[in-house]
Amino acid sequence: MANSDTPFGLKPVRYMSGAPYNGAVNPYSTAAGDATAIFVGDPVIISGTAQTIDGQIYQDVDQAATGDVIVGVVISVDNALGSGAGGRDSTIHRAASTQRIVYVADDPNLLFEIQEVSGGTPLTANDIGLNANFVVAAGNATTGKSGVELNNATEATTNTLDLQIVGFQNRPDNEVGEHAKWLVRINRHQRANQVAGI
């Protein structure tokens, strides 16, 4: 059975301890000047600016690129700042150049499910424990889901790669090969490593 090609970015599933993910998030903001859309499942970085929204201060985040130090993954987008009916936006992702509050799973002990890219040499069980980068691709404006996938051409022991492969998602609809779903942790995390302030 071939794996389905349904990219969704990074989806939190459990903690390193084995405890299930409980839905915990922290709110961040996006600046109206940021022209890159952000989708549910996108890894994000702290941009170094902040917004005051309804009297509350939020740190801004931007969509992460390969090689960035990541703060977490977007789980949902608050559309209350939109220009649609009732002041709400109808999109379920953060459209480009819009100020929004986004909710980010930013615990450095979280493990995420991610789909492997199309093509290349598929990862194998022996790749568990190696690090690898993700590939940023356009998200789906209909579903609001990220297009980020695991890059199967980058696995190595290199400590500066984006993600660490910690396991395989063992279930009937997943097999080793193209579009396989893997379990990863963020390898370069803003809240866990000795990294410079923003």
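E11 (163-168) and E12 (181-186) run antiparallel and are joined by five bridges. For reference, strands are DSSP runs of at least two residues, numbered from the N terminus, and two of them pair if DSSP finds at least two bridges between them.

A quick word on the source, friends: this is a predicted model, where local features need pLDDT of at least 70, side-chain atom pairs count only at pLDDT 80 or more, and totals for chains, interfaces and linings use all residues. Numbering runs from 1 along each chain as its sequence is written, and side-chain values use heavy atoms, with hydrogens and water left out.

Zooming out, we have an open five-stranded sheet, ordered E1-E7-E12-E11-E8 with antiparallel pairing. E1 and E8 (131-132) are at the edges with a single partner strand each, so one side of each has no neighbour in the sheet.

Now, which residues touch the most other members of the largest nonpolar core? Leu150, Leu163 and Val184, out of 23 residues. Such a core is a set of buried Ala, Val, Leu, Ile, Met, Phe, Trp, Tyr and Cys residues joined through side-chain atoms within 4.5 Å, buried being under 20% relative accessible area with a 1.4 Å probe, protein chains only. E7 (110-115), E11 and E12 each supply at least two residues of this core. Apart from it lies another core, of 10 residues, including Ile46 and Val77.

Back to Val184: leaving aside residues up to four places away in sequence, its contacts (heavy atoms within 4.5 Å) include Leu10, Phe112 and Ile165. Thanks, everyone!

Key: Buried < 20%, exposed > 50% of the residue type's maximum accessible area, 1.4 Å probe, protein only. Helix = DSSP H or I, 4+ residues; strand = E, 2+ residues; numbered from the N terminus.
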